[in-house]
Amino acid sequence: MQFQQLHYFVAVAETRHFTRAADLVHVAQPSLSQQIKALERELGADLFLRARGNITLTDAGEALLPLARRILADADTARHEVQELAQLRSGRVRLGATPSVCTGLLPDVLRAFHDRYPGIRLLIEEGGSHDLVRELARGALDLALVVLPLPTPAPALTTVELLREDLVVVSSPDAPRPGQGRRTVRVSDLEGERLVMFRYGYDLRELTVAACRAEGFEPDFAVEGGEMDAVLGFVRAGLGVAVVPRMVAARSGRGLRVTPLARPGLHRVIALAHRSDVAPPRAARELQRMLLER
């Protein structure tokens, strides 16, 4: 049974005339008749009672007509929905990102994407790079913004470097300036400073702790275990200093003093990742393009 045969059948049922039905569906009358006969053979029953000048539906034809109309309508709906997706008028994108990337990089890009494609739903999942890689691998995300190098090798992922971002030290304006008041501080100047530290699993925690240990000291935590917003809030309250991405510091508004790290400083590499074995959906590819061209 073919959609074309059902289309011809409905045309004959509605016009009660083979020639008029052929004109309606833009096909030669003999071809339409052959397809109707093929459909009847497939179903094992006559669909029409054929008499000169009088075409009527058999019981089998009466039973098939509403089903055929519904099948054809469903096919039109499916075609329309696929075309909508292809033209980026509907659908969804599942994007994973580390919390600091959500705070710093994503707002402007997502606003531009939403303005251009308002029918696309954006589903955002925050997490550390390790968790995001796992979610990508099991197909729960279309794209993810992760910090390189990845915590574990991920041969099934394709990564494209998006940006290299400097890290800075933030402190309360009411507290003494870190680094004895210099305009820039070194990582070694953080020895003796009370740090507000992110929870375990945060890429920034691991990077900061590793940098301190490379300078020969263990960082002293005033508070630990927070997410980005909590860490910034604790710093504003004067509980300690924190090492955060420059983009996050720039977006954080009043209540924070920002001090750059002296060269070579600290930085992190943000990459866009997706599964190598499955192409991202059309809408996800468009968001990927906007992120890479931002």
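On a 1 Å grid over the protein atoms alone, a cavity is a set of points where a 1.4 Å probe fits but cannot get out, while a pocket is an open set with protein on both sides within 12 Å along at least five of seven lines; lining residues have an atom within 4 Å of a point. This is a predicted model, where local features need pLDDT of at least 70 and side-chain atom pairs count only at pLDDT 80 or more, though totals for chains, interfaces and linings use all residues. Residues are numbered from 1 along each chain as its sequence is written, and side-chain values use heavy atoms, with hydrogens and water left out.

Searching the whole structure turns up 2 cavities of 30 Å³ or more (a volume being the space filled by probe spheres set on the points, with grid points joined across faces, edges and corners). The largest cavity holds about 50 Å³ of space. Its lining includes T98, P99, S100, V147, D203 and R268.

The second largest cavity comes in at about 40 Å³. Around it sit S100, V101, G104, L105, L163, E165, P245, M247, V248, R268 and I270.
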